[in-house]
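Reader: I have a structure to go through and I'm new to it. Can you walk me around?

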Amino acid sequence: MRNIMITGATSGFGEAIALTMSKQVCRLILTGRREERLMALAQQITTTTHTKVLPLVFDVRDNVACEKAIQSIPEEFKPIDVLVNNAGLAVELDPVHKGALEDWERMIDTNIKGLLYVTRLVAPQMVERHSGHIINMGSTASHEVYMGGGIYCATKHAVLALSKAMRTDFLPYGIKVTMIAPGAAETEFSNVRFHGNQERADKVYEGYDPLVAQDIADIVEFVLSRPPHVCLNEVIVTPTAQFNGVINRSK
Ligand code: NDP
Ligand code: 8X3
């Protein structure tokens with residue numbers, strides 16, 4: 001039975017991945033800052049499946065909190081076989097000459113430093129066991145830049161570089177590393193980006209069928225179902241209406 005840790009499980013991709021993987025009977029370590037959401041999800045999973053859940057409330061930007069949380073994991077949920085580094089966000093859509101430093105720091109601290117903090121704490125036991133799988137949530141923004149998205153795209157370019165670096169560093173230890181690179185998906189992502197302005201968030205998904213969180217969960221399930229000798233290094237997935245930074249909004 002696998003122990004799977006998913007960061008950012010209180011909504012969107014993370015929540016869908018947790019619900020999907022819970023059907024396979026595993027042990028789930030689910031993290032996020034919104035305690036109520038996390039507890040509700042844990043309760044939903046434990047009452048509807050045979051999967052055990054360990055909810056851990058912490059901010060991935062706080063290395064001390066990451067350390068405390070990960071050190072608190074009971075033996076039953078160890079070793080961590082799979083780490084899904086999913087927690088992340090975009091803040092605003094400003095050009096470089098107008099961006100707020102506070103927004104940049106939130107994105108850099110969460111998407112790059114947070115991912116590194118968690119990985120630094122979890123990876124050593126994978127290295128020791130010569131076994132494990134790390135899935136990093138990149139984006140089409142790992143490959144492209146778009147107007148006003150510069151800093152977010154830079155953080156996701158970093159996730160691509162770090163995924164390649166992990167793949168390289170962990171090669172001698174047989175640890176798999178996969179980066180998933182989704183295009184536009186309707187989750188809470190745009191609501192967060194626009195500080196809760198739902199009207200502005202809804203406009204992002206007008207005129208086409210965006211991806212939904214379940215599409216990403218299905219991919220994670222597939223990636224994790226490959227035999228030991230197969231590693232999907234990267235999966236790029238967009239809505240049919242999106243390619244190369246262009247969205248066909250003619251629906
Ligand atoms: P959501 O906003 O729905 O989910 C984001 C998750 O990240 C939440 O569970 C949130 O939990 C968690 N999170 C954010 N900041 C922190 C933090 N500081 N500490 C701990 N957890 C945090 O968005 P998505 O599901 O869409 O996003 C998930 C990932 O997918 C992100 O990395 C995003 O960049 C990426 N992505 C999204 C795409 C999209 O179009 N939606 C496309 C490509 C990639 P909480 O607030 O409770 O802490
Ligand atoms: C999130 C999707 O389109 O803002 O990575 O890059 S997008």
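Predicted model: local features only at pLDDT ≥ 70, side-chain atom pairs only at ≥ 80, totals over all residues.

Reader: Good. Start with ligand 1. Which of the residues around ligand 1 come nearest?

Author: Ligand 1 has 30 residues around it. Thr 10, Arg 33, Asp 59, Tyr 152 and Thr 187 come nearest.

Reader: What classes of residue make up the shell around ligand 1?

Author: The shell has twelve nonpolar, twelve polar and six charged residues.

Reader: And which helices each supply at least two residues of that shell around ligand 1?

Author: α1, residues 12-22, is one of them. α5 (150-170) and α6 (189-193) also each supply at least two.

Reader: Where does the backbone come close to an oxygen atom of ligand 1?

Author: Phe 13 has a polar backbone atom 2.8 Å from an oxygen atom of ligand 1. For Ala 185, a polar backbone atom is 2.9 Å from a ligand 1 oxygen. A side chain takes part too: a polar atom in that of Arg 34 lies 2.9 Å from an oxygen atom of ligand 1.

Reader: How much of ligand 1 does the protein cover?

Author: On its own, ligand 1 has 880 Å² of accessible area, and the protein covers 96% of that.

Reader: OK, ligand 2 now. Which residues surround ligand 2?

Author: Ser 139, Ala 141, Tyr 146, Tyr 152, Phe 189 and Arg 193. By class, they are four nonpolar, one polar and one charged.

Reader: Which side chains put a polar atom close to an oxygen atom of ligand 2?

Author: Ser 139 has a polar side-chain atom 2.5 Å from an oxygen atom of ligand 2. For Tyr 146, a side-chain N or O atom is 2.6 Å from a ligand 2 oxygen. Arg 193 has a polar side-chain atom 3.4 Å from a ligand 2 oxygen.

Reader: How much of ligand 2 is buried by the protein?

Author: The protein buries 82% of the 240 Å² that ligand 2 exposes when taken alone.

Reader: Back to α5. How many residues does it have, and how far does it reach?

Author: α5 has 21 residues. From first C-alpha to last, it reaches 30 Å, close to the 30 Å expected at 1.5 Å a residue.

Reader: Which residues in α5 are buried?

Author: Among them are Ile 151, Tyr 152, Cys 153, Thr 155, Lys 156, Val 159 and Phe 170.

Reader: What covers them?

Author: The cover includes α4 (101-129) and α6, along with the strands β5 (133-137), β6 (176-182) and β9 (234-237).

Reader: New topic: Asn 111. Where is its place?

Author: Asn 111 sits in helix α4.

Reader: Why does Asn 111 count as buried?

Author: Because its relative accessible area is 2%, and buried means under 20%.

Reader: What polar partners does the Asn 111 side chain have?

Author: A polar atom of that side chain lies 2.9 Å from the backbone oxygen of Leu 89. The side chains of Asn 111 and Thr 155 are joined by a polar contact of 3.1 Å. Thr 155 is one of the buried residues of α5.

Reader: What else is Asn 111 in contact with, leaving aside neighbours within four places in sequence?

Author: Its contacts include Gly 88, Tyr 152, Lys 156 and Val 159.

Reader: Last one, Glu 35. Which helix is that in?

Author: Glu 35 is in helix α2, residues 35-48.

Notes
Residues numbered from 1 in each chain as written. Chains lettered and ligands numbered in written order. Heavy atoms only, no water. Near = heavy atom within 4 Å. Polar contact = N/O pair within 3.5 Å; in protein donor to acceptor, adjacent residues only side chain to side chain. Areas by Shrake-Rupley, 256 points an atom, 1.4 Å probe, with all protein chains shown as cover. Nonpolar A, V, L, I, M, F, W, Y, C, P; charged D, E, K, R; others polar. Helix = DSSP H or I, 4+ residues; strand = E, 2+ residues; numbered from the N terminus. Expected span 1.5 Å × (residues − 1). Buried < 20%, exposed > 50% of the residue type's maximum accessible area, 1.4 Å probe, protein only. Contact = heavy atoms within 4.5 Å.
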